[in-house]
Structures are given as C-alpha cells and as structure tokens.
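Hi,

Here is the structure I said I would pass on. Have a look at it first, and my notes come after.

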Amino acid sequence: MALLEVREVTKKFGQLVANDRISFSVEEGSIVGLIGPNGAGKTTLFNCISGLFKPEGGQVVFDGKDITGEPPYRIARMGAVRTFQVVRPLKDMSVLENVLVGAFLRTSDRGEALTRAEECLRLCNLTAYRDRMAGDLPIGGKKRLEMARALATGPRLLMLDEVMAGLNTTELKAALDVILRLRDSGITLMVVEHVMEGIMPIADKVVVLDGGTKIAEDIPARIVRDERVIEAYLGAKYGRRLKNGTQGGSRD
Ligand SMILES: Nc1ncnc2c1ncn2[C@@H]1O[C@H](COP(=O)(O)OP(=O)(O)OP(=O)(O)O)[C@@H](O)[C@H]1O
Ligand SMILES: [Mg+2]
C-alpha cells in the first residue's frame with residue numbers, strides 16, 4: 001500500500017492555480033523526487049500535504065487516512081514531516097538544542113529526547129557540531145540541521161524542500177549520503193529539488209511539475225529523456241537568461 005496518496009489536489013491563490021489537480025502516490029520505503037522549474041508549485045504541494053495550506057480540491061491520504069485540511073501539528077504527529085526551503089534554525093541555540101526541539105514532539109522525557117537527538121545528529125553527520133551555535137554553521141550544515149530537527153520528530157514520511165540547493169560538491173555528496181541513510185533506516189522520503197542532478201541518482205520515481213500541473217511521473221532514466229520535461233527546463237532557463245539580460249531580479 002502507498003504511504004502517501006495525493007489525489008487531484010488543487011490549490012489556488014486568487015486566479016493563479018499553483019497546484020492543478022495533482023495526483024501521485026509514494027510507496028513506503030521509497031524516495032520520490034519532486035522537481036520542476038521556479039514557481040512550478042513544489043513548495044505549495046508540500047504545504048498542502050503538511051497542512052500549512054488547505055487545498056480547494058482533492059485529497060491527501062496518509063497511511064490510509066484522509067488528512068486533508070488537518071492542522072500541521074497533527075499531521076506531523078501522524079508521521080508526515082517537512083523541512084522548509086528557507087532554513088530557519090534557532091540561531092542562538094546550540095545545534096543539539098535545535099534538534100531537541102524536534103525530539104520533544106515525541107516525548108516529554110528529557111533523557112529520551114536527548115538520546116533521540118544525539119542519534120539524529122549522528123545520522124545527519126552533525127555530531128562534530130553538537131555544541132556550536134546553530135547560526136554559526138555553514139550553509140550545508142544548516143541544511144543538515146533542518147533535516148536532523150525534522151528527523152527527531154520521528155517521521156515515517158520526510159519531505160525535504162531543496163535541502164541540496166546552494167551546496168558545493170562535497171556538501172552535496174554529504175546530503176545525498178544522509179538521504180540514503182535515512183531511507184535505509186526505513187523512512188520514506190519526498191525530495192523537492194530545483195536542480196535535476198541532485199535527485200536523479202537516488203530517486204525511485206520522479207514527479208515533475210510545471211506551472212502548477214504534473215507533466216511527468218516516471219523512473220529517473222525516463223524522466224531525463226522526457227520531451228515535456230526537457231522543454232520545461234530549457235524554457236525556464238532561456239526565460240531566466242532573457243530576464244537577467246533585460247529586467248533581472250524577478251522570478252518565473
Ligand atoms: N502564499 C502565496 N501567496 C500567493 N502566491 C503564492 C504563495 N505561495 C506561492 N505562490 C505562487 O504559487 C506558485 C507556485 O509557487 P511555489 O513556491 O509552490 O513554487 P516552487 O515550485 O516551490 O518554486 P521554487 O523552485 O522557486 O521554490 C508561484 O507562482 C508562486 O508565486
Ligand atoms: Mg519552492
């Protein structure tokens with residue numbers, strides 16, 4: 001059975017349809033990539049799944065239960081947890097304390113929370129930074145901290161929003177290793193990436209959004225050859241280049 005089923009999910013902002021009847025499923029134990037150019041609707045879909053937005057149409061079914069419109073804390077407690085694209089560590093707290101915040105969603109026992117937090121630090125290659133102030137971490141470390149904090153809540157489904165964006169080659173490899181380690185520990189993952197190269201080597205399946213609609217869903221080897229996908233990316237790239245040459249700054 002699929003752990004997550006997204007059925008015809010629609011989210012609008014005024015006239016703009018950010019998610020237009022999006023459907024796909026995520027099998028337990030798999031890694032599903034969610035890709036697409038800027039403004040495709042990836043983060044919006046995470047918001048709909050994790051309860052931050054209530055979709056106007058469709059259903060989100062997690063572990064066989066309809067969670068559409070449930071508040072985020074309840075969805076997180078059920079085991080569907082996401083990270084945020086713009087990392088927001090509690091800067092004046094240590095790395096360990098940041099992760100403890102996540103652990104306290106599951107337990108009120110300090111010793112138990114500590115054990116859990118230490119384990120999450122280890123899984124995310126952060127043990128060496130344990131007592132550093134979170135605000136002092138390099139960007140790769142901050143992204144892994146965001147993952148560790150989400151992980152500490154004990155998710156069954158972990159939704160990562162661009163945790164690989166802006167990383168150098170070494171940091172990217174570290175992030176990929178962490179994702180594979182989490183998958184091997186039994187966690188199902190949905191990974192949003194703007195850059196295709198990040199997700200292709202590790203995904204079991206890739207869902208592609210463009211302009212609010214799903215344009216493809218397939219194994220990575222077929223996605224990279226899919227004409228609609230190539231066009232969506234090339235179009236976006238040329239569009240950006242043109243914009244940078246003329247107006248600059250604005251997105252989409
Ligand atoms: N809270 C909001 N209010 C109004 N419009 C929004 C809101 N959030 C997103 N949008 C719009 O919805 C569309 C989809 O945005 P979304 O952030 O989901 O895209 P994305 O695929 O995550 O893009 P990126 O790769 O830049 O992160 C965009 O046109 C965006 O401007
Ligand atoms: Mg986004």
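Below is what came out of it, sheets first, then the ligand, then the helices.

A word on conventions: this is a predicted model, in which local features need pLDDT of at least 70 and side-chain atom pairs count only at pLDDT 80 or more, while totals for chains, interfaces and linings use all residues. Residues are numbered from 1 along each chain as its sequence is written, and chains are lettered from A and ligands numbered from 1 in the order in which they are written.

**Sheets**

Helices (H or I, at least four residues) and strands (E, at least two) are DSSP runs, numbered from the N terminus. Two strands count as paired if DSSP finds at least two bridges between them.

One open sheet has six strands with mixed pairing, in the order β6-β7-β8-β3-β9-β10. Its edges are β6 (80-82) and β10 (213-218), which have a single partner strand each, so one side of each has no neighbour in the sheet. Ignoring direction, neighbouring strands here are turned by 15° against each other on average; angles run from 0 to 180 degrees between N-to-C directions, and axes are lines fitted to C-alpha atoms, for helices over the stretch in contact. β9 (residues 205-210) pairs with β10 in the antiparallel sense over five bridges, and Asp 210 has Thr 213 in β10 as its bridge partner. Helix α6 packs on this sheet, touching β3, β7 and β8, and its direction makes about 155° with that of β8.

The other open sheet is antiparallel, with four strands in the order β2-β1-β4-β5. β2 (16-27) and β5 (65-66) are the edge strands, each pairing on one side only. Five bridges join β1 (residues 2-13) to β4 (residues 57-62), with Leu 4 opposite Phe 62.

**Ligand 1**

Which residues come nearest to ligand 1? Of the 14 around it, they are Phe 13, Ala 18, Lys 42, Thr 43 and Thr 44 (around means a C-beta atom, placed from the backbone, within 6 Å). Helix α1 (42-50) and β2 each supply at least two residues of this shell, and α1 gives the most, with three. The shell divides into four nonpolar, eight polar and two charged residues. For the classes, Ala, Val, Leu, Ile, Met, Phe, Trp, Tyr, Cys and Pro count as nonpolar, Asp, Glu, Lys and Arg as charged, and the others, Gly among them, as polar.

**Helix packing**

α5 (residues 139-152) turns up in each of these pairs. Contact means C-beta atoms, placed from the backbone, within 7 Å.

- With α3 (residues 95-103), the axes come within 6 Å and cross at roughly 35°. The contact residues divide into eight nonpolar, two polar and one charged.
- With α4 (residues 110-123), the axes come within 9 Å and cross at roughly 140°, so the two are oblique (under 35 degrees is roughly parallel, over 145 roughly antiparallel, 65 to 115 roughly perpendicular, the rest oblique). Arg 116, Ala 117, Cys 120, Leu 121 and Leu 123 in α4 meet Ala 148, Leu 151 and Ala 152 in α5.
- With α6 (residues 169-184), the angle is about 15° and the axes are 10 Å apart, which makes α5 roughly parallel to α6. By class, this contact has six nonpolar, one polar and three charged residues.

Cheers

Technical notes. Two residues are in contact if their C-beta atoms, placed from the backbone, lie within 7 Å.
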